[in-house]
Amino acid sequence: MHTKTIAEIARDLAAGEYSSVEITTDLLNRVKQLDGDINSFITVTGEQALAQAKAADERRAAGQAETWTGIPMAHKDIFCTDGVVTSCGSKMLSNFAAPYDATVVEKFNQAGAVSLGKLNMDEFAMGSSNESSFYGPVANPWNKDHVPGGSSGGSAAAVAAGFVPGATATDTGGSIRQPAAFCGVTGIKPTYGRVSRWGMIAYASSLDQGGCITRNAEDAAMMMNIMAGYDAKDSTCVEQPVPDYTSTLNDSLEGMTIGLPKEYFSSDLSADMQQAVRDAISEYEKLGASIKEVSLPNARLAIPAYYIIAPAECSANLSRMDGVRFGYRCDDPQDINDLYKRSRGEGFGGEVKRRIMIGAYALSAGFYDAYYKKAQQVRRLIKNDFSAALKEVDILAAPVSPTPAFKRGEKTSDPVEMYLEDIFTISLNLAGMPGMSIPCGQVNNLPVGLQLIGDYFAEDRLLNAAHKFQQATDWHLKTPAGI
Amino acid sequence: MALDQQQVRDIAELARLQLDDNQIAEYQKNLSSILDLVDQLSAVDTSSVEPMAHPLDAVQRLRADAVTEENQRDHFQQCAPQTENGYYLVPRVVE
C-alpha cells in the first residue's frame, strides 16, 4: 500500500479496495516503525489524521466524495497548521502552535486530504542538506549515511521512504528540486506567485514559492490542482486562471523544442552525472522533441546575487522573531535589548545567524547600492537570459545538482561550499520561472535528477513533458532497498 | 572582503544577535568568505540595468480601505511568552 501513487489511491478509495482509515493507519504504522532511522517527521498528528480519514470515509459513504477525499499526505513544517506546532525546523519556533492554517493547508483540508503531520526541513529553509534542522538531520532513504538534500529534505525523504505519496514543500533556491533529485522522487517549483505564500513562514519573500514532492508527474499535477491559485491574503499571489493540470499530461511532445543551457554542462558536472542527463535528453528525442543548445551567459552570477538578496530579505523577515509575541524567549532577560539578543542568539542556529548578519551588513547605511541594488540589477540580467532562451525553445533541460546526494557532514564546515550545491537551481528563483526535477538515472546507486524549466505559468507544459518521460522510462518507479 | 572582529560584533549588535566570544573568529572567517563570494558582482557592468524587485514586475495590489479582520487578540496571544491584561510583557523599558 505504501508505494501507491496519489492517483492510484484515489482510484482504490473510489473502488472501495480499502478505506482512508485503513491506508492512513498503515502509513502511520510505517512512520512509527521506520522513521526513527530517517527522521523525516518533526510532528506526527496521528489522532487528527485518523479523525480526518474517518470523516473522509463517511463523506464517501454518503456519496459526497471528491478526487482528494481521504488521500494521505503531509506538510513541510514551514506551513502554519492551526493548533499544531509549526517549528520551521528551528528552536525559535519549537513551542509555536500556529493560531491559523496556511492557505495551502486550508486548501488540502477543504479538499478532504488527510495530513499525517509536519515534515523536517533545514532551519527556516536555509540549507541544501537538511543538516541545519534543530530536530536533527534527515537520512536519505537510498543510503542513510547520505543527506536527502534540502531544505525540503523531510518532504523528499518521506515520499521516498513510502510514508506519504505526496508532500508540500517550498523552494527559495532549489529546496524542492534538489531534495527531489537526491531522493529519486518528483518535485515541482511553480512560477513565483502561482501558489499562495500566506501562512508559509517567510525566508526570502521575493524568491519563496510553495510546491510539492510526489512519486510522479501525474501526482504533482493532482497536488497543483489543489495548491495553485489566487489568494487575496498574499499580495504577491498572481490572479491567473488555474488550468486542470491533469488534462494536458498526455499531450504529444512531437514538435517540442528543448533547450540545453551550455553553461550547465560545464566542468562543474562530473562525467557520470553528465551522462545520466544526456541519456534522458536522448529519450526526449525519441519522444519527438528536438534539441537545441542555448546560452545563459550570466548563469555564474546567480549564486553571488542570491547570497545578497536572500540574506537581505531574511534579515528583515526574521526580525519578527524577537521573543515578544511568539516563539522562544530566553530565561531571565535583564532588559529589552538583552531579551532580543539572547532570545535570537539562543533560538537561531548558526546558518540562520550567518545569513541574518550578511543581510544586515548588506542593507546597512552606505552599502545599499553596492550590494542590494547591484544584486537586483544582476537579477534582471539573469531573468533576461532565461526569457531570451525561452523565445528560442519551449522548455529547458538541465542537471539539478553537480553530484548525487553527498555524505552527511561532508560540506558542513564550509558554508560557501554548501552554497555552490545550488548552482543549477538558484537562478530559476531569481528569474521566478517554474522548474521540475524528475528521476532520470543513478550514479553510485544514488538517484540523479533531470531539471525541466519553463516560461512563466508553463507548469502544464513541464508536467506534460515530465509525465511523457515517465511513461517511457521507469526511473521514477525505483525505490530504495527495503522500501 | 575581509571583516575584522569588531565589524562582526557591530553587525551582530545591528541584527540583535548575542554571539559568544569564542564564536566570533568563526563568524569572522565564514562571513568574510561569503562576502568574497558576493563580491564577484562588483565586476559586472549594470549601469543601464533597472533593478528587479519582482519576477513579474508586478506592482503592489491595493484593496478597499474596509475592515475585513475581526479582533482575535486573545487567540493570538495564546502563543506569546508572557502577557497581562491583553498586553505583551517585556522587561521595563522606561524607568
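## Reading helix packing

Modeller: Let's start with one pair: α11(A) and α2(B) are oblique to each other. Bear in mind that this is a predicted model.

Colleague: Happy to! How is a pair of packed helices described?

Modeller: By two quantities, the angle between the helix axes and the distance between those axes. Here, helix α11 of chain A (residues 350-362) packs against helix α2 of chain B (residues 24-38) at about 55°, and their axes are 11 Å apart.

Colleague: And which way does α11(A) pass α2(B)?

Modeller: The crossing is right-handed. Chain A brings A:Arg354, A:Met357 and A:Ile358 to the contact, while α2(B) supplies B:Tyr27, B:Asn30, B:Leu31 and B:Ile34. Sorted by class, the contact of α11(A) with α2(B) has five nonpolar residues, one polar and one charged.

Colleague: Nice. What are the angle and axis distance for α2 and α3 of chain A?

Modeller: Helix α2 (residues 20-38) and helix α3 (residues 46-61) of chain A meet at about 160°, with axes 8 Å apart. Angles over 145 degrees count as roughly antiparallel, so α2(A) is roughly antiparallel to α3(A).

Colleague: Which residues make that contact?

Modeller: From α2(A) come A:Ser20, A:Val21, A:Thr24 and A:Leu28. On the α3(A) side you'll find A:Gly46, A:Ala49, A:Leu50, A:Ala53, A:Lys54, A:Ala56 and A:Asp57. The classes in this contact are six nonpolar, three polar and two charged residues.

Colleague: Is the crossing of α2(A) and α3(A) left-handed or right-handed?

Modeller: Right-handed, as α2(A) passes α3(A).

Technical notes. Residues are numbered from 1 along each chain as its sequence is written. Chains are lettered from A and ligands numbered from 1 in the order in which they are written. This is a predicted model: local features need pLDDT of at least 70, side-chain atom pairs count only at pLDDT 80 or more; totals for chains, interfaces and linings use all residues. Axes are lines fitted to C-alpha atoms, for helices over the stretch in contact, and angles run from 0 to 180 degrees between N-to-C directions. Helices (H or I, at least four residues) and strands (E, at least two) are DSSP runs, numbered from the N terminus. Angles under 35 degrees count as roughly parallel, over 145 as roughly antiparallel, 65 to 115 as roughly perpendicular and the rest as oblique. A crossing is left-handed if the near helix is turned anticlockwise from the far one by less than a right angle, and right-handed if clockwise. Two residues are in contact if their C-beta atoms, placed from the backbone, lie within 7 Å. Ala, Val, Leu, Ile, Met, Phe, Trp, Tyr, Cys and Pro count as nonpolar, Asp, Glu, Lys and Arg as charged, and the others, Gly among them, as polar.
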